[in-house]
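Let's take a friendly walk through this model, from its annotation to the strands of its sheet.

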Amino acid sequence: MTARILDGKAIAAEIRGETAQQTADWVAKGGKQPCLAAVLVGSDPASEVYVRNKQRACERAGIDSQLHRLDASTSQAELIAVVERLNNDPHVDGILVQLPLPAGLDEREILDVVDPMKDVDAFSPENVGLLVQGRPRFLPCTPHGVVQLLKRCQIPVPGKHVVVIGRSDIVGKPMALLLAARDGTCGPEAANATVTIAHSQSDDLEGIVRSGDIIVAAVGRPEMVRGSWLKPGAVVIDVGINRVGDRLVGDVHFEEASAVASAITPVPGGVGPLTIAMLLQNTLMAAKLKTGKA
Ligand SMILES: Nc1nc2c(c(=O)[nH]1)N[C@@H](CN(C=O)c1ccc(C(=O)N[C@@H](CCC(=O)O)C(=O)O)cc1)CN2
Ligand SMILES: [Mg+2]
């Protein structure tokens with residue numbers, strides 16, 4: 001079997017186009033141009049690329065953007081003060097603090113300060129809580145991107161066994177919630193899957209992965225999931241982005257997996273671009289929510 005390649009880059013472009021149109025319609029009707037403020041602390045090269053790509057995507061979608069660059073030596077109190085200033089700035093609709101933060105800064109405490117109505121990453125406790133309760137405000141970008149990818153590639157999810165490998169706050173946990181959501185919860189994104197969360201400490205991880213119809217790999221370990229771990233015909237969604245020398249690889253061994261799976265996302269060009277596409281949607285939604293017209 002040679003797996004079908006799920007072209008996340010093309011789907012992200014399609015979604016960005018839809019958001020650009022929706023933004024133009026909103027502004028034409030007298031709505032305020034949405035504005036996204038990104039906070040980048042330090043100069044991690046990958047974060048620099050992601051923030052630049054977010055700004056470029058905003059520009060192309062007709063969304064205003066700001067970049068607040070802070071030195072790696074910024075203190076916790078200084079960073080909190082910047083976030084609070086953005087919370088109180090009426091021009092700013094969406095705020096994101098690019099992760100990871102430099103060592104010494106308490107990520108959780110910073111994310112707790114972001115105004116939940118401007119929290120377009122959906123990382124604040126209030127927005128995570130709403131998602132858990134099945135009445136989300138903003139959907140978290142990467143998991144929402146995965147659900148859109150599955151939907152737009154017409155991959156059947158209801159009733160399927162999805163194995164999510166990884167339990168991070170950003171991907172694993174919200175991914176499992178969205179995929180397991182029942183109709184009428186989590187909006188049209190409800191997926192009605194049977195979900196297993198597996199991780200590095202799971203007994204018989206290979207056996208668990210082999211029981212999955214759909215595998216979402218988000219462990220952060222280069223090429224950890226081997227082709228021999230997969231059920232023939234499984235769908236493989238690789239959320240990992242790992243730099244190995246000058247190569248970018250996912251958490252799945254792509255060549256081996258492609259020989260066994262029915263469909264697979266590449267790295268790069270799979271899930272990554274969808275994260276940014278979904279961020280734009282959340283930013284437009286934040287601008288609309290402010291007026292009570294979302
Ligand atoms: N505040 C946030 N921080 C981080 C998030 C996030 O959603 N919010 N996610 C990741 C980084 N990230 C966005 O911020 C992100 C990662 C990767 C991509 C992407 O398009 N990747 C490309 C490859 C690009 C490359 O060469 O590195 C791909 O997969 O094709 C977009 C966004 C952690 N931090
Ligand atoms: Mg990818």
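UniProt positions are given here in the numbering used for this model, feature names are shortened, and annotations may be inferred rather than shown by experiment. With that in mind, an unreviewed UniProt entry lists residues 6–121 as "domain: Tetrahydrofolate dehydrogenase/cyclohydrolase catalytic". This is a predicted model, in which local features need pLDDT of at least 70 and side-chain atom pairs count only at pLDDT 80 or more, while totals for chains, interfaces and linings use all residues. Residues are numbered from 1 along each chain as its sequence is written, and chains are lettered from A and ligands numbered from 1 in the order in which they are written.

Helices (H or I, at least four residues) and strands (E, at least two) are DSSP runs, numbered from the N terminus. Over residues 6–121 the chain is 49% helix and 16% strand.

Now to the sheet. Two strands pair if DSSP finds at least two bridges between them. Six strands form an open sheet in the order β1-β11-β8-β7-β5-β6, with parallel pairing. Its edges are β1 (4–5) and β6 (194–198), each of which pairs on one side only.

| Parallel pair | Bridges | Residues standing opposite |
|---|---|---|
| β5 and β6 | five bridges | Val163 and Thr196 |
| β7 and β8 | four bridges | Ala217 and Asp238 |
| β8 and β11 | two bridges | Val235 and Ala263 |

In a regular strand the side chains alternate between the two faces of the sheet. In β8 (residues 235–238), Val235 and Ile237 point one way, Val236 and Asp238 the other. All four are buried (20 or more other C-beta atoms, placed from the backbone, within 10 Å of the residue's own).

Notes:
A residue is buried if 20 or more other C-beta atoms lie within 10 Å of its own, exposed if 12 or fewer, and partly exposed in between; C-beta atoms are placed from the backbone.
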